[in-house]
Amino acid sequence: MSTTSVPIAPKRRIKGVGLFLILFLMALVFLIPFGIVAFTSVKSQGELIMGGVLALPKQFRWSNFVRAWEIGKFGIYFKNSGLLLLIKVPLGIFLAALAAYPLAKMKFRFNNAIFILFLLGLTIPVHVILIPMVIMVKNLGLTNTLWSLIFPYVAIGLPFQIFVMRGFFRLIPDELLEAARIDGASELWIFLRIMLPLSLPALATLYIIDAVATWNELLVALVLVNADAARTVPLGLLRFQGQFASNYTQMMAGVLIVIAPMIALYIFLQQYLIAGLSAGAVKE
Amino acid sequence: MKVDCLVVIDEGTTSTRVSAITSQGDVVAESRRSLDVSYPRPGWVEQDAQAFWYVTFPSLRETHIIVGTLAVIQSFKVFDMVYTMTWGGPGQITQVLGTWMYFNGFQYYRAGYGAAIAWIIALISMVVAIPYIRIMSRD
């Protein structure tokens with residue numbers, strides 16, 4: 001006879017609480033730096049020194065953001081990085097999809113060999129191609145233009161994007177393509193009107209991944225660009241950091257300005273990240 | 001509130017169930033956990049206490065290889081963090097291959113030395129990636 005009204009599985013409950021605590025602590029570890037940036041960006045210099053970094057801000061100084069935007073010349077850098085997001089990212093994903101379609105859906109000689117070649121591209125660090133790239137860009141006369149970034153970025157992004165697109169295309173049932181072929185559709189039509197719309201979740205995922213990577217990319221831009229006309233956001237932030245070495249409130253305002261668009265993009269595109277659109281398109 | 005009740009444990013074939021029943025016959029709490037069973041031949045039912053180590057864990061092997069490989073390659077490519085935070089300093093103690101390559105190739109104008117470092121990074125990445133490529137290119 002047991003005398004208790006406690007739920008039955010105390011062990012399981014303890015496990016659940018422990019798991020929650022561990023995950024909560026981990027979340028804190030990731031969120032605290034972000035919190036420090038956000039709090040510091042709205043404080044005055046005096047308040048930061050008096051209260052320390054972790055204190056909640058007493059009054060909000062939004063002027064930090066206005067000053068950071070003006071002094072940091074973020075307008076130019078946002079324009080450049082924004083153009084990359086609008087031109088480079090879709091272009092790269094489209095090219096990757098074009099390459100992935102035959103690799104996933106057509107039988108031809110060396111299909112697998114070509115795919116392995118692309119996979120090898122995943123393992124090659126960008127450092128190896130930096131010096132040749134600088135020479136090439138210089139000889140092409142593209143130095144300090146946005147084109148000097150668009151071409152290398154597209155090339156560097158391709159292996160991973162081809163890999164993901166090929167994997168996704170393989171999940172699309174062959175029956176759909178056969179049906180379209182019987183109706184007389186050309187391969188390009190099939191690619192544009194069947195494969196691409198069905199892989200919207202993959203395309204959106206790749207867009208987010210590549211947009212964040214492009215927005216954050218530092219090394220290639222640092223090596224290829226040294227004029228404001230083509231500087232991207234990370235380079236701008238680096239210059240800004242140099243100017244405000246000890247003015248942390250201003251600097252954190254700049255940092256927040258820079259990361260805000262990526263957070264917004266992520267929240268906006270999250271709804272498209274639902275995989276498996278083609279599931280159920282064909283009766284097995 | 002204190003209620004007298006009876007705790008029943010049903011050790012079944014496919015699951016273990018536990019319920020608490022009051023003296024009035026009301027079920028106040030229930031819990032259920034399924035067990036993995038195998039049927040090696042008609043009439044036989046087996047449960048393996050070490051199923052996790054011998055089934056679940058080995059089937060994660062390829063996933064572990066892929067994740068591990070990517071993590072190793074990524075950490076050999078580290079650049080931005082070191083460059084923006086410490087510049088490889090104080091002295092050279094936080095220098096990594098990526099930043100050392102950059103400083104030599106583009107700041108000290110020793111392009112050949114920088115290129116050599118870059119190739120070392122590339123070779124390490126490629127060797128680490130061999131099992132990864134083999135798994136990935138399998139159909």
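Which residue in β2(B) is the bridge partner of Val8(B)? The bridge partner is Ser19(B). Helices (H or I, at least four residues) and strands (E, at least two) are DSSP runs, numbered from the N terminus. This is a predicted model, in which local features need pLDDT of at least 70 and side-chain atom pairs count only at pLDDT 80 or more, while totals for chains, interfaces and linings use all residues. Residues are numbered from 1 along each chain as its sequence is written, and chains are lettered from A and ligands numbered from 1 in the order in which they are written.

The strands of chain B come next. Two strands pair if DSSP finds at least two bridges between them. Strand β1 (residues 5–11) of chain B pairs with strand β2 (residues 15–22) of chain B in the antiparallel sense, over 7 bridges. On β2(B), antiparallel pairing over 7 bridges is also made with strand β3 (residues 27–34) of chain B. Within β3(B), Ser34(B) is the bridge partner of Ser15(B). In a regular strand the side chains alternate between the two faces of the sheet.

Arg33(B) is a residue of strand β3 of chain B. A residue is buried if 20 or more other C-beta atoms lie within 10 Å of its own, exposed if 12 or fewer, and partly exposed in between, with C-beta atoms placed from the backbone. Arg33(B) counts as exposed because it has 10 C-beta neighbours inside 10 Å. Two residues are in contact if their C-beta atoms, placed from the backbone, lie within 7 Å. Leaving aside neighbours within four places in sequence, Arg33(B) is in contact with Ser15(B) and Thr16(B). Thr16(B) is 17 residues from Arg33(B) along the chain, and 5.5 Å separate their C-alpha atoms.

Chain B is divided into domain 1 (5–49) and domain 2 (60–136), with bounds that come from an automatic or database domain assignment. The C-alpha centres of these two domains of chain B lie 53 Å apart.

Chain A has 13 helices and 0 strands. Its C-alpha trace spans about 85 × 75 × 30 Å along the principal axes. The radius of gyration of chain A is 25 Å, whereas a compact globule of 284 residues would have one near 19 Å. That radius is taken over C-alpha atoms, and the globule rule is 2.2 Å times the number of residues to the power 0.38. Of the 284 residues in chain A, 29% are buried. Among contacts in chain A between residues at least 6 apart in sequence, 79% join residues at least 24 apart.

The domain assignment of chain A gives domain 1 (10–61) and domain 2 (70–272). Their centres, taken over C-alpha atoms, are separated by 33 Å. Domain 1 of chain A puts 8 residues into the contact, and domain 2 of chain A puts in 7 residues. On the domain 1 side, α1 (10–41) and α2 (45–51) of chain A each supply at least two residues, and α1(A) has the largest share, 4 residues. By class, this side has 3 nonpolar, 4 polar and 1 charged residues. Here Ala, Val, Leu, Ile, Met, Phe, Trp, Tyr, Cys and Pro count as nonpolar, Asp, Glu, Lys and Arg as charged, and the others, Gly among them, as polar.

A nonpolar core is a set of buried Ala, Val, Leu, Ile, Met, Phe, Trp, Tyr and Cys residues joined through C-beta atoms within 7 Å. The largest such core has 56 residues, and Phe169(A) and Ala100(A) are among those with the most contacts inside it. Helix α4 (residues 74–105) of chain A gives the most to this core, with 10 residues. Not counting residues up to four places away in sequence, Phe169(A) touches several residues, including Ala100(A), Tyr101(A) and Met195(A).

Two loop residues of chain A have positive phi values. Lys73(A), in the loop between α3 (63–71) and α4 of chain A, has a phi near 50° without being a glycine. Lys73(A) counts as partly exposed because it has 14 C-beta neighbours inside 10 Å. Asn144(A), in the loop between α6 and α7 (147–171) of chain A, is not a glycine either and has a positive phi of about 60°. With 15 other C-beta atoms within 10 Å, Asn144(A) is partly exposed.

Finally, the two chains meet: 24 residues of chain A are in contact with 38 residues of chain B. On the chain A side, α5 (111–123), α6 (127–139) and α11 (219–224) each supply at least two residues. The largest share of that side, 6 residues, comes from α5(A). Its residues divide into 17 nonpolar, 7 polar and no charged.
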